[in-house]
Amino acid sequence: MRSARFASFDVTDFETVTGHEAEWKHTPVARVQPLIDGTLDPDIRPVTATASSDDSVTVEWIDRNDSRIGSAGKPEERASANAWSAFESALMVTITGEQPSEISVTRSALGTGARAAHTVIHATHHSVGTVVLQNSGDALLSENVEIILDEGAHLTVVTVQQWNASAVHLASHFSEIGRDARLKHVVVSLGGSVVRVNPSAHLSREGGEVELYGVYFADTGQHLEQQVFVNHDAPNTKSRVSYKGALQGVGAHTVWVGDVLIRPTASGTDSYEQNRNLLLTDGARADSIPNLEIETGEIAGAGHASASGRFDDEQLFYLQARGIGEDEARRLVVRGFLSEIVQKIGSPALEERLQNAIEAELALSTAS
Amino acid sequence: MSVLEVIDLHVSVETEQGTKQILNGVDLIVNEGEIHAIMGPNGSGKSTLAYTIAGHPKYHVESGSVTLDGQDLLAMPVDARARAGLFLAMQYPVEIPGVAVTNFLRTAKTAIDGAQPPIRTWTKEVTEAMKNLRMDASFKDRNVNEGFSGGEKKRHEILQLELLKPKFAILDETDSGLDVDALKIVSEGVNRAKENTGLGLLLITHYTRILRYITPDYVHVFVDGRVAEEGGAELADRLENEGYDRFLAPASLG
């Protein structure tokens with residue numbers, strides 16, 4: 001039951017991880033052990049932030065005892081709590097303007113030592129903005145990201161994982177959605193050895209909306225995971241979850257868990273979640289687990305869909321019958337499949353960059 | 001002059017009940033500029049012929065040959081057959097999510113011609129061809145066949161026929177499911193393509209309706225996986241009046 005999961009800020013409150021727990025059973029625990037049990041370096045300064053406008057966005061480092069920390073969520077597993085217990089200062093992004101602003105937070109020099117990080121993104125009432133967390137280079141990182149939307153705020157958060165091949169990254173994103181506020185959250189995972197990003201959204205005020213999107217491309221030996229949790233806890237809230245992934249090569253493994261909880265407080269909820277995976281080769285594995293818990297009879301709609309399948313030979317035949325070679329036909333289909341999510345971001349420059357990154361993944365696939 | 005030759009073609013498919021023989025020795029010669037109608041009852045093998053020539057992996061050629069100007073089509077992958085000058089307008093074109101029509105058309109044209117089409121003339125050509133087929137300009141931004149109505153799918157097939165300019169086109173039941181207005185528009189497109197490029201056409205149909213708008217030079221009646229009768233356009237008129245009953249063994253009459 002998602003509604004009754006244990007949570008604590010303190011790592012010592014959590015039992016030793018065995019790998020059988022609901023939140024760990026799909027994850028290669030041995031590969032992430034230092035983040036679960038190890039000492040984490042709290043120094044997360046190798047970060048650069050660039051904003052499109054100065055007056056409606058502030059970026060600062062705040063102390064762990066700052067009152068703005070801890071309002072959006074509480075760790076539900078040990079690696080998240082380990083990061084929470086270890087961090088000393090947090091990156092605080094505050095968006096205040098009603099005109100759209102965009103801010104990019106780049107982390108490309110974290111190195112190979114085990115680290116903890118904490119980020120708070122706060123969109124004040126009726127503000128509009130986009131925050132991009134751009135990740136590359138080496139990493140052995142456990143982090144928590146708090147996302148707070150005040151009344152009427154429209155916020156887009158995009159986290160892009162283009163880590164080096166050996167990187168390990170566990171992230172928990174906790175979002176708290178205010179009255180009539182709207183969050184669009186996008187997880188793009190392409191590079192890294194083990195990447196697990198778990199976004200959760202608490203729709204705690206009437207009229208709140210979330211769109212949680214994800215796109216991932218797993219190659220040989222890569223583990224890309226996302227455990228999504230939507231918590232409908234107020235009347236007339238709406239959620240849409242859509243994750244799409246492509247997998248290729250032996251040992252490519254992806255996990256999508258979609259928990260949607262509709263509490264007794266959430267009459268008039270409108271919810272839909274889906275996950276689709278495209279298996280491009282033998283030896284890859286996609287786990288897809290939707291889970292709907294409905295505690296009120298008065299909902300507007302709740303549904304889910306999950307499909308993991310092979311390449312559609314009829315699509316391939318159609319394109320080839322138009323003269324397009326097999327490799328290019330495959331690329332077109334995969335690009336099309338994934339771009340449906342990328343197109344939802346709403347930032348043309350970022351969309352183009354991500355399309356190019358997906359292209360690069362596809363180029364690797366046909367070169368090998 | 002280009003010629004598409006089918007000689008003594010035997011084709012089978014794998015089904016749950018085992019191997020099923022579908023084509024039992026088909027002979028057919030189509031010269032460029034000719035229109036051949038292939039008619040016949042359901043299950044007679046008409047579509048199998050179309051998909052075998054195009055190279056669908058489901059169909060297994062037991063024996064016989066298919067050549068285009070002497071080149072062995074059966075030895076080529078699907079895309080090479082298209083580049084050799086073959087086009088198949090499909091009865092049920094598949095959806096390709098996330099791939100816009102404009103991108104698809106340009107990619108196909110580039111593949112067929114071996115070079116990018118010049119951007120300005122190409123855009124004009126696409127716009128013109130869409131206009132002729134009464135397709136709204138917004139069509140090109142939609143994803144290939146996604147959410148298209150039956151009529152839109154068929155127009156999109158004929159749009160490709162007009163733009164890709166093959167030497168030979170097989171139209172697999174392009175008329176089925178079209179209302180009379182759409183049928184006329186699609187037929188005009190086919191006639192226009194023939195006028196412009198002089199291609200040879202293999203028109204597969206269950207009904208004679210489309211033959212009111214596209215006049216065949218030859219009509220072949222397919223029964224049990226082979227050509228049972230051949231003639232000119234007048235044969236189609238006869239089928240219109242008599243149906244296929246006289247070709248069917250009493251046992252297979254429903």
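This is a predicted model: local features need pLDDT of at least 70, side-chain atom pairs count only at pLDDT 80 or more; totals for chains, interfaces and linings use all residues.
## The interface of chain A and chain B

The size of an interface is often given as the accessible area lost when the parts come together. Chain A and chain B bury about 2,000 Å² between them, and 66% of that area lies on carbon and sulfur atoms. In chain A, Phe317(A), Tyr318(A) and Arg322(A) lose the most area to chain B, and together they account for 40% of what that side buries. The contact involves 19 residues of chain A and 33 residues of chain B.

Across this interface there are ten residue pairs in polar contact, counting pairs with both residues at pLDDT 80 or more. On the side of chain A that touches chain B, the elements giving two or more residues are α3 (313-320) and α4 (326-342) of chain A. The largest share of that side, eight residues, is supplied by α4(A). By residue type, the side of chain A that touches chain B consists of eight nonpolar, six polar and five charged residues. One salt bridge is found across the interface of chain A and chain B. A salt bridge joins the side chains of Arg322(A) and Glu157(B), with a distance of 2.6 Å from N to O.

## A strand of chain B

Strand β6 of chain B covers residues 86-89. In a regular strand the side chains alternate between the two faces of the sheet. In β6(B), Leu86(B) and Leu88(B) point one way, Phe87(B) and Ala89(B) point the other way, and all are buried.

The neighbouring partner in this account is strand β9 (residues 168-172) of chain B, which pairs with β6(B) in the parallel sense over four bridges. Within β9(B), Phe168(B) is the bridge partner of Leu86(B).

## Two residues in strands of chain A

His118(A) belongs to strand β5 (residues 114-123) of chain A. His118(A) counts as buried because its relative accessible area is 1%. Its side chain makes a polar contact of 2.8 Å with the side chain of Glu146(A). Beyond its neighbours within four places in sequence, His118(A) is in contact with Ile69(A), Trp84(A), Phe87(A), Ser89(A), Ala90(A), Leu91(A), Asn144(A) and Glu146(A).

Asp270(A) is part of strand β16 (residues 270-279) of chain A. With a relative accessibility of 24%, Asp270(A) counts as partly exposed. The side chains of Asp270(A) and Arg240(A) are joined by a polar contact of 3.1 Å. With its neighbours within four places in sequence left aside, the contacts of Asp270(A) include His232(A), Thr237(A), Lys238(A), Ser239(A) and Arg240(A). Between Asp270(A) and Lys74(A) there are 25 Å in space, C-alpha to C-alpha, and the two are 196 residues apart in sequence.

## Positive phi values in loops

Asn236(A) is a residue other than glycine with a positive phi, near 55°. Asn236(A) sits in the loop between β13 (223-232) and β14 (238-247) of chain A, and at 43% relative accessibility it is partly exposed.

In chain B, Asp224(B) is not a glycine either, yet it has a positive phi of about 50°. Asp224(B) is in the loop between β11 (218-223) and β12 (226-231) of chain B. Asp224(B) counts as exposed because its relative accessible area is 57%.

## Salt bridges within the chains

Side chains of opposite charge can pair when their charged atoms come close. Over all chains, the whole structure holds 27 salt bridges. One of them joins Arg78(A) and Asp37(A), whose closest N and O atoms are 2.8 Å apart. This pair links distant parts of the chain, with Arg78(A) in helix α2 (residues 78-86) and Asp37(A) in helix α1 (residues 29-37), 41 residues apart. Arg78(A) is buried at 16% relative accessible area, whereas Asp37(A) is partly exposed at 41%.

In chain B, the side chains of Lys109(B) and Asp113(B) form a salt bridge of 3.4 Å, N to O. Lys109(B) and Asp113(B) are separated by about one helical turn because they are four residues apart in helix α3 (residues 101-113) of chain B. Lys109(B) is buried, at 7% relative accessible area, and Asp113(B) is partly exposed, at 43%. A network of salt bridges links Glu229(B), Arg238(B), Glu242(B) and Arg246(B).

Conventions. Residues are numbered from 1 along each chain as its sequence is written. Chains are lettered from A and ligands numbered from 1 in the order in which they are written. Side-chain values use heavy atoms; hydrogens and water are left out. Buried means under 20% relative accessible area, exposed over 50%, partly exposed in between (1.4 Å probe, protein chains only). Two strands pair if DSSP finds at least two bridges between them. Contact means heavy atoms within 4.5 Å. Buried area is the accessible area (1.4 Å probe) that two parts lose on being put together, summed over both. A salt bridge is a side-chain nitrogen of Lys or Arg within 4 Å of a carboxyl oxygen of Asp or Glu. A polar contact is a pair of N or O atoms within 3.5 Å; within protein, one must be able to donate a hydrogen and the other to accept it, and residues adjacent in sequence count only if both atoms are side-chain atoms. Ala, Val, Leu, Ile, Met, Phe, Trp, Tyr, Cys and Pro count as nonpolar, Asp, Glu, Lys and Arg as charged, and the others, Gly among them, as polar.
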